[in-house]
Amino acid sequence: MTTTPDAIAGPPEAARVVIIGGGIVGCSLAYHLAHLGWHDVVLLERKKLTCGTTWHAAGLVGQLRATLNLTKLARYTAELYARLEAETGQATGFRRTGSVSIATTAARFEELRRGASMAKTFGLEVEVISPAQVRELWPLLEAGDVVGGVYLPGDGQTNPTDTTMALAKAARQAGVRIREDTKVTGVLTTNGRATGVRTEQGDVTAEVVVNCAGMWAREVGHLAGVNVPLHACEHFYAITEGLDDLPPGLPVLRDPDSCTYFKEDAGKILFGAFEPRAKPWGMDGIPEDFCFDELPEDIDHFTPILEAAMHRVPRLETAGIRRFFNGPESFTPDNRYLLGEAPELRGFFIAAGFNSIGIQSAGGAGKVLAEWIVAGHPPMDLWDVDIRRMMPFQGGDIYLRERAGEVLGLLYAMHWPYRQYETARGIRRSPVHDRLASHGACFGETAGWERPNWFAPAGVTPAYEYSYGRQNWFPYAAAEHKAARETAAIFDLTSFAKFLLQGADAEHVLQRLCANNVGVSPGRVVYTQWLNERGGIEADLTVSRLAEDRYLVVTSAATAVRVRDWLRRHTPAEARLSVTDVTSAYAILGVMGPNSRALLGNMCAEDFSDDAFPVAAVREIEFAGAPVLAQRLSYVGELGWELYIPSEYAGGVFDTLIADGTQLAGMHALDSCRLEAGFRHWGHDIGDEDTPLEAGLAFACAFDKPTPFIGRDALLRQREVGVTRRLVHFALDDPEPLLYHNEPVLRDGHIVGRLTSGAYGHALGCAVGLGYISNPGGVNAAFIEAGRYEIEVAGDRFAARASLRPFYRSENTRGRA
């Protein structure tokens with residue numbers, strides 16, 4: 001490695017931005033900040049550039065990710081690496097070799113074909129190929145058990161160290177200062193904002209501090225009082241001796257059914273794996289002198305990998321092994337990296353926890369984080385990787401150690417619909433959890449909450465049997481759905497995040513945040529969104545006015561940190577307002593269905609009639625001897641109430657509600673009901689790039705209220721020119737196929753959009769979904785009605801109906817929008 005003058009100089013006293021960590025992500029961020037005109041940047045590396053995990057990465061550059069925007073970032077990464085050598089004069093080793101993923105089971109082949117369909121909506125070139133075509137692309141492969149494959153010709157591979165050095169070189173040429181052998185020992189803060197860092201050579205003040213410290217990012221987060229949940233695991237691969245019969249330029253080969261991958265590397269084969277149960281590493285901390293270190297070999301652990309690799313590529317049986325390698329890489333609790341500004345500390349950003357895809361993610365992640373820092377907001381919907389999705393408990397040692405060993409293997413595991421994590425479970429439980437379990441609940445996990453997804457009848461084990469077809473719980477969830485539609489069902493909604501806002505300025509602050517008018521009389525609930533200045537939806541929630549100076553804000557469990565952060569950012573320092581997270585203080589039981597009024601009325605003296613308890617009313621009642629806050633709301637599209645019960649009373653209220661045998665229902669039934677009724681789900685159907693006008697939520701925008709809401713001007717401009725994309729309801733004509741999300745939507749044979757969510761509509765007798773369709777000339781009812789629609793599922797197209805209105809509409813209630 002060549003040492004440059006600025007690498008041996010001490011750190012400067014000040015910079016606009018300080019980047020902590022000199023791996024490929026930190027160098028990419030420096031490069032992109034400089035390209036945006038921010039040249040006063042200093043990058044501090046504790047030892048040497050790339051010495052943590054970058055140097056030993058396999059260098060695979062795939063483009064297809066789980067979502068549109070993450071795929072856009074991966075595509076940009078490949079484009080960046082393709083031009084970087086010409087731009088800098090520094091060799092990168094990047095080659096577009098393409099990639100092949102193979103399937104040895106019908107289920108895996110369906111997964112690959114569904115992914116190929118999804119790739120079309122993302123604009124990627126993709127081919128579904130036969131076993132013979134797989135063999136043509138990879139002649140040394142054993143294809144006897146291969147069912148089929150998918151080929152992405154735009155994928156490639158690169159040399160991680162050389163690519164990092166090219167990014168560093170370009171950043172230096174633009175004025176970025178890079179200091180090696182400079183360990184950050186502290187983060188300077190003032191009034192809740194990062195103001196610089198402390199190093200062993202002195203302090204550096206800064207407007208922005210960015211944690212790109214890789215395996216050390218959690219430790220650096222602790223220096224700042226910021227939660228960065230990640231944990232290192234051991235990652236194994238091997239490299240053969242040179243093989244004379246190895247064709248040059250082979251595509252990257254992935255065999256997920258045997259957890260292995262292969263790449264041709266200068267006449268050798270590099271092969272590694274993401275095994276089902278990995279080995280967490282660094283539980284006692286990372287050694288202080290760690291620098292280009294390798295971990296001890298573990299032949300017993302690697303032997304199954306080697307055997308699987310030799311089966312797939314028999315040439316390995318006679319090839320010499322030049323090197324067995326074991327090195328650490330960091331993983332997050334949900335296998336998605338961590339990006340964005342920390343909710344705990346302004347001006348402190350994170351880009352870390354790349355789950356073995358750091359090389360293929362670094363270009364795009366560096367670009368969007370640089371744009372986020374410069375503009376003050378993310379340039380696209382990045383919720384999938386936003387640090388604010390992480391809960392405080394997820395930074396715990398025991399939790400991370402247990403979860404890390406599972407998530408490494410999930411990279412190549414089957415990505416089943418509704419798949420649940422198996423480790424680090426039982427962290428957060430509803431007060432009625434044990435009662436639900438005794439009634440056959442099969443629990444899923446969201447934000448650490450154990451939530452009943454479905455209920456097994458007597459004699460049936462409450463456990464998932466996964467597939468892409470009708471899973472074992474399908475008929476049980478159908479019965480729950482039917483009860484909510486025809487009689488009544490009880491849902492445990494305790495995991496909803498709940499915030500109590502109190503103070504003389506509560507209404508003023510909320511009127512600025514909420515698109516709808518929350519200046520209502522006490523005893524009313526308002527459905528609303530919080531928007532950004534561009535009109536995008538930052539949060540989807542209900543706001544209940546309990547008193548003149550007291551509101552209850554309720555949103556989904558997964559967005560709790562995000563919503564609290566947004567509220568904190570947009571509350572003036574001088575506001576007379578206190579905010580209390582009361583999530584754990586209340587259980588919520590939803591009583592939904594046409595018989596819900598009679599059910600509740602028979603159990604307490606309250607009048608639940610339309611006149612006495614209209615839609616969107618909220619009031620305190622006595623139920624089963626407990627003080628209960630009752631709200632007339634429904635997320636299933638039927639008559640219904642949500643009962644907010646102080647936790648210590650929840651058990652008694654639950655026992656009373658189910659005494660006459662009312663059906664218990666889980667999250668799968670809730671989801672299928674809400675999709676039939678056309679209710680949106682934040683994070684799937686709506687997000688910070690979607691406006692209420694596009695999402696069909698204009699009815700929840702009070703444009704004329706006295707206090708203009710954030711995003712109002714952007715919506716008025718959009719309303720003036722019209723929308724070119726709309727969220728549309730879809731229903732398949734064929735009752736057999738199942739929809740999940742990201743399936744392509746075709747109008748008159750051409751892809752015009754994709755589904756954002758899908759489920760089986762049991763009352764309609766077919767799969768239903770929501771999805772955006774686009775048209776440069778505008779999207780309105782006439783445009784939709786004039787088209788012929790199909791939805792592609794695993795390569796097959798199925799006729800569908802499309803409408804701006806939901807296909808199911810109950811006469812019982814308008815419900816919650």
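**Strands, a helix and a crossing**

Me: Which residue in E26 stands opposite Trp-530?
Reply: Trp-530 faces Ala-539 in E26. Helices (H or I, at least four residues) and strands (E, at least two) are DSSP runs, numbered from the N terminus.

Me: What kind of model is this?
Reply: The model is predicted: local features need pLDDT of at least 70, side-chain atom pairs count only at pLDDT 80 or more, and totals for chains, interfaces and linings use all residues. Residues are numbered from 1 along each chain as its sequence is written, and side-chain values use heavy atoms, with hydrogens and water left out.

Me: Back to E25 and E26. How many bridges do they share?
Reply: Eight, in the antiparallel sense. Two strands pair if DSSP finds at least two bridges between them.

Me: What about the turn in that hairpin?
Reply: Five residues sit between the strands. Gly-535 takes a positive phi there, near 90 degrees.

Me: Which sheet do these strands belong to?
Reply: An open sheet of five strands, with antiparallel pairing. The order is E25-E26-E27-E24-E28. E25 and E28 are the edges, each pairing on one side only. On average, neighbouring strands are turned by 25 degrees against each other, direction ignored.

Me: And how do E24 and E27 join up?
Reply: Through six bridges, running antiparallel.

Me: How much of E25 is buried?
Reply: Seven of its eight residues are, so E25 is mostly covered. Buried means under 20% relative accessible area, exposed over 50%, partly exposed in between (1.4 Å probe, protein chains only).

Me: What lies across this sheet?
Reply: Helix H14 lies across E24, E25, E26, E27 and E28. H14 runs at about 20 degrees to E24. Axes are lines fitted to C-alpha atoms, for helices over the stretch in contact, and angles run from 0 to 180 degrees between N-to-C directions.

Me: Is H14 mostly covered or mostly uncovered?
Reply: Mostly covered: H14 spans residues 560–569, and seven of its ten residues are buried. Among them are Val-561, Val-563, Trp-566 and Leu-567. Beyond the sheet strands, the buried residues of H14 also pack against helix H13 (506–513).

Me: New topic. How do H3 and H9 meet?
Reply: The axes of H3 (residues 68–88) and H9 (residues 358–375) come within 7 Å and cross at roughly 100 degrees. That makes H3 roughly perpendicular to H9.

Me: Which residues in H3 meet H9?
Reply: Leu-73, Ala-74, Tyr-76, Thr-77, Leu-80 and Tyr-81. On the H9 side they meet residues including Ile-359, Gly-363 and Val-368. Contact means heavy atoms within 4.5 Å.

Me: Now E15. Which way do its residues point?
Reply: Lys-268, Leu-270 and Gly-272 point one way, and Ile-269, Phe-271 and Ala-273 the other. All are buried.

Me: Which strands does E15 join?
Reply: Three bridges link E15 to E12 (residues 231–240), antiparallel. Ile-239 has Leu-270 as its bridge partner in E15. Another six bridges link E15 to E14 (residues 260–265), also antiparallel. There, Tyr-261 stands opposite Gly-272. The hairpin of E14 and E15 has two residues between the strands, and Ala-266 takes a positive phi near 55 degrees.

Me: Last one. Is Glu-450 buried or exposed?
Reply: Buried, with a relative accessible area of 7%. Glu-450 sits in strand E22 (residues 449–455). Not counting residues up to four places away in sequence, Glu-450 touches several residues, including Arg-425, Arg-428, Arg-429 and His-433.

Methods: Parallel < 35°, antiparallel > 145°, perpendicular 65-115°, else oblique.
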